[in-house]
Amino acid sequence: MAKQQYDQLSPEWFQPAPPNVGEQEKINRPSLTFWHDAWLRLRENKAAIVGLIMIIILALLAIFAPMASERSYKEQNLSHAKLPPKVPVLEHISWLNLDGKDSNGVDVYKERGIKEYYWFGTDDLGRDLWVRTWYGTRISLYIGLLAAVIDLFIGIAYGGISGYYGGRVDNMMQRIIEILNGIPYLIVVILFILILEPGIMSITLAMVITGWTTMARIVRGQILKLKNMEYVLAARTLGAPNSRLIFKHLIPNVMGPIIITTMFTIPSAIFTEAFLSFIGLGIRPPEASLGSLVNEGYKSIQTYPHLIIIPSIVISLLILSFNLVADGLRDALDPKMRK
Amino acid sequence: MARYTIQRFVYMAITLLIIATVTFFLMKLLPGSPLQNQEKLTPEQKALILKEYGLDKPVPVQYVQYLGNLLQGDLGVSFQYDNRPVTELIGDRIGPSAQLGFQAIVFGTLVGLVLGIFAAIRHNRWGDYAATVIAVIGISVPSFVLAGFLQYFIGVKLQWLPVAFWEGFKYTIMPTLALSVGVIANIARFMRTEMLEVLSSDYILTARAKGISNAGVVVKHAIRNSLIPVITILGPMAVNLMTGTLVIEKIFAVPGLGEQFVRSIELNDYPVIMGTTLFYSALLIFVIFIVDILYGIVDPRIRLAGGKK
Amino acid sequence: MEKILQVNDLHISFDIHAGEVQAVRGVTFDLYEGETLAIVGESGSGKSVTSKALMRLLPTPPSRIKQGEILFEGKDLTKLTDKEMQSIRGKKISMIFQDPMTSLNPTMTIGKQIMEAILKHQNLSKDEARKRAIELLQLVGIKNAELRMKQYPHQFSGGMRQRVVIAIALACNPKILIADEPTTALDVTIQAQILELMKDIQKKLGMSIIFITHDLGVVANMADRVAVMYAGKIVEIGTVDEIFYNPKHPYTWGLLASMPSLDHKDTELYSIPGSPPDLLNPPKGDAFAPRNPYALKIDYELEPPMFQVSDTHYAATWLLHEMAPNVEPPDVVRERMKQFADIVARKGGKPRG
């Protein structure tokens with residue numbers, strides 16, 4: 001502060017200038033809605049954005065890629081068996097290993113006079129791995145979606161009812177969940193699979209019975225917290241109630257944990273299906289699941305590694321992307337981190 | 001504390017009972033039977049066999065007998081192994097699985113804790129970022145993918161370690177590594193979250209206001225308080241470990257319980273499947289029970305009057 | 001009286017995503033031996049940040065001391081390394097915080113928590129430390145001290161916990177105790193007990209207290225001198241009588257006028273309209289101007305310097321400039337000012353302090 005500024009002050013400056021009463025109540029910084037704020041923070045999380053993009057890419061591939069090829073996922077062509085991957089254009093980049101050459105450097109396609117390109121190669125029965133991989137991805141995505149839906153319907157309903165009614169109803173419902181939780185999920189799945197045929201149905205049923213307990217617990221916790229807030233709200237109605245504030249606070253409080261829990265359920269379900277298919281309890285050949293493809297690929301790990309590498313990469317990327325997005329959502333929606 | 005323990009015990013017992021019951025009724029529904037490999041018997045012989053297995057009595061009686069057998073440790077006999085008792089088969093195989101599981105938990109927990117603590121004290125700097133990425137990858141890449149990866153690169157290409165089987169300590173290294181990755185990742189993530197929350201607590205500020213050094217604050221206050229909630233995930237972790245062994249043992253040809261279990265599924269040997277399932281369930285439920293008790297002991301808020309906040 | 005702490009032109013900022021938040025924008029004050037200085041202000045005034053900065057307890061990043069000095073025992077605390085500060089914290093300067101529920105480690109016995117402070121700074125054996133800890137518990141009025149040593153925080157009530165917190169702070173007989181809203185989270189009756197306890201101990205040990213609060217009632221009870229903070233600056237500072245009975249800053253007027261009082265139960269309760277400014281973009285001129293019914297044109301252009309009202313009383317308001325018009329403060333304040341002359345006379349012609 002320059003001293004001279006303070007030395008030569010004109011008397012005019014000392015005229016009263018009271019502020020506008022109305023103006024004073026204006027809030028200074030524009031306040032963001034909860035969702036807008038969360039979205040901004042999610043956007044900043046580069047890992048989550050990468051995950052989101054990958055999910056979209058993988059989903060698009062899963063839906064459209066099998067259509068790009070005329071071959072079906074179970075079509076066998078023994079004369080085209082055990083072909084390494086060969087991709088046009090990319091075949092000229094030697095270190096990518098997409099040139100149709102096997103581990104001895106021999107161009108198998110040329111040797112056998114095969115003109116078609118198999119982008120991911122073929123397995124030992126001549127089935128197109130490209131189609132099978134994306135087919136398997138479809139199944140993984142279906143399972144993930146199914147888990148999410150079950151969580152949303154059964155989990156929210158159960159937890160909501162338990163929390164809302166409270167008292168003895170709540171107590172009993174919680175005891176049931178405690179016991180359900182005590183039963184290892186895998187056991188239930190295995191038991192179901194043994195009665196029914198291994199396949200989508202049994203996995204689905206097992207998830208319906210046990211997969212929603214986490215969501216139920218979380219929703220119940222939130223409802224209980226909100227119920228306490230209601231008494232506060234009741235007190236506030238003695239003043240000036242603002243129902244908009246209620247909706248702007250209550251709903252974000254419940255939606256946040258629900259979204260986060262759902263996002264974590266999906267990769268977990270995808271993993272479980274892949275795992276089961278891997279040990280032979282889930283999807284079995286000729287159907288294609290990423291897990292079963294990895295299992296099949298094991299047999300030729302030394303000679304035709306592409307059979308195991310490709311589905312391995314796809315399943316890892318799939319689960320990874322969902323986990324990254326779920327992590328990002330959790331960080332973005334956590335009210336404690338707001339500053 | 002006593003009340004807490006009894007409560008946990010009762011849940012454990014009820015859960016076990018439910019699983020046993022479900023298992024029993026499922027067994028009844030399954031197509032397999034001791035007669036499946038012997039179609040050339042006369043009706044009298046068949047009746048004799050059924051009587052031997054107690055399968056001629058009405059279902060409720062069978063159920064009670066089944067429970068009785070269970071309490072005495074009788075899990076039935078295997079279809080494929082010439083009627084060897086299932087308990088014997090389990091006993092044969094449990095050694096390698098136990099060793100594998102134990103090594104994986106100890107190694108995984110230690111590394112996971114270190115990683116998690118490291119990430120928390122380097123929060124928002126490169127150390128945190130790197131550790132978090134490693135942890136996310138660790139929980140995302142399925143164990144069977146990772147196992148194959150290790151097997152191929154370290155076992156086949158580099159030949160540093162034996163690819164499969166179980167003939168010495170060296171053989172246990174890769175399977176343990178593969179199995180522990182999930183443990184490391186989960187514990188690291190959880191520990192990091194707990195540490196971050198603890199480090200922003202008021203009592204940490206109080207400790208610093210006393211003049212305690214940063215290292216002292218972390219070790220004497222933060223780590224101990226963060227460790228307590230970590231105990232709570234040891235239970236679910238045991239479950240994951242069990243499912244992990246199924247896959248790891250198959251891939252590395254470890255002669256353990258998991259490998260036998262998977263094979264019995266492929267061969268439809270129902271008594272072994274059921275018996276092993278029951279055994280696993282009991283084990284897991286017992287582990288969860290122990291973990292709950294442990295938590296009650298370690299957290300003074302539960303151990304002494306007052307209960308949790 | 002001796003000066004034991006001097007804070008000169010302290011500026012503290014926080015670097016966040018959106019930019020630089022200037023939390024403290026030039027704070028200057030002294031602390032004398034044996035006195036209680038209260039720092040009053042709304043949330044966001046910078047009082048908590050200032051107090052934590054004295055102990056260098058603010059996380060750096062995102063905070064940083066832009067300029068200024070904190071002189072204590074011949075050293076400038078802003079220039080010390082963290083290691084050097086560790087030998088001052090808990091030993092020469094102690095701090096207690098607002099929430100006794102969360103200020104103590106829930107998994108450590110309180111005996112250990114007190115002994116930790118003792119053992120860190122003093123060369124005593126464990127037994128001696130334990131004895132001292134028991135003494136401290138007795139000093140803060142906890143009965144059955146020996147038994148209580150082995151108990152955990154959740155086994156104490158809120159008021160007892162705060163006593164324990166005080167015991168920890170006193171472990172090494174600090175010269176200065178900084179109390180950041182220590183009674184805000186407590187019931188009113190317990191509040192009174194804790195305040196009495198603090199005054200009692202202060203007399204016994206002769207330490208100085210910096211008491212942060214937003215509650216003027218507590219200030220009246222505890223303080224020798226008062227500093228009023230707004231938007232990161234001290235706007236008025238003086239003895240407790242001067243501040244309560246002869247305030248010169250419109251913000252102080254607002255604070256006093258908004259205290260409910262039995263003498264004015266028929267008039268509408270006054271409240272200062274609006275809310276504190278955003279310190280991400282501090283306004284030009286006087287930060288209080290937009291809420292100041294007595295604002296002058298110059299308030300929007302230039303920040304007022306500190307004007308002297310007496311040897312011990314200063315206020316940063318253009319209203320004290322010779323060219324400023326005379327203004328009538330709110331009724332409540334005017335009445336108090338009338339009483340001021342009596343007080344001064346009663347106290348022998350000199351304001352306290």
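Of the 339 residues of chain A, 38% count as buried, where buried asks for 20 or more other C-beta atoms within 10 Å of a residue's own, exposed for 12 or fewer, and partly exposed covers what falls in between, with C-beta atoms placed from the backbone. What you are looking at is a predicted model, so local features need pLDDT of at least 70 and side-chain atom pairs count only at pLDDT 80 or more, while totals for chains, interfaces and linings use all residues. Residues are numbered from 1 along each chain as its sequence is written, and chains are lettered from A and ligands numbered from 1 in the order in which they are written.

Let's stay with chain A for a moment. It has 13 helices and zero strands; here helices (H or I, at least four residues) and strands (E, at least two) are DSSP runs, numbered from the N terminus. Read along the sequence, then, the pattern is α-α-α-α-α-α-α-α-α-α-α-α-α. If you take the contacts in chain A with a separation of 6 or more, 73% of them are between residues 24 or more positions apart. A contact means that the C-beta atoms of two residues, placed from the backbone, lie within 7 Å.

Now over to chain B, with twelve helices and zero strands. Of its 309 residues, 40% count as buried. Contacts between residues at least 6 apart in sequence join residues at least 24 apart in 72% of cases in chain B.

One residue to look up in chain B is B:I6, which sits in helix α1 (residues 2-29) of chain B. Is B:I6 buried or exposed? B:I6 counts as exposed, because it has 10 C-beta neighbours inside 10 Å. From B:I6 to B:P58 there are 52 residues in sequence and 35 Å in space, C-alpha to C-alpha.

Next, a pair of helices. Two packed helices are described by the angle between their axes and the distance between the axes. In chain B, helix α4 (residues 86-121) and helix α10 (residues 257-266) pack at an angle of about 130 degrees, and their axes are 7 Å apart. Axes are lines fitted to C-alpha atoms, for helices over the stretch in contact, and angles run from 0 to 180 degrees between N-to-C directions. That angle makes α4(B) oblique to α10(B), since under 35 degrees counts as roughly parallel, over 145 as roughly antiparallel, 65 to 115 as roughly perpendicular and the rest as oblique. On the α4(B) side the contact is made by B:L89, B:I90, B:R93, B:I94 and B:S97, and on the α10(B) side by B:L257, B:G258 and B:Q260.

How do chains A and B meet? The contact takes 32 residues from chain A and 36 residues from chain B. Helices α7 (167-182), α8 (185-195), α11 (243-278), α12 (290-298) and α13 (306-333) of chain A each give two or more residues to the side that touches chain B. Of these, α13(A) gives the most, with nine residues.

Chain C brings in strands. Eight of them form an open sheet with mixed pairing, in the order β6-β7-β8-β3-β9-β10-β12-β11 (chain C); two strands pair if DSSP finds at least two bridges between them. At the edges are β6 (93-96) and β11 (307-308) of chain C, each pairing on one side only. Further in, β9 (residues 225-230) and β10 (residues 233-239) of chain C run antiparallel, joined by six bridges. C:Y230 has C:K233 in β10(C) as its bridge partner.
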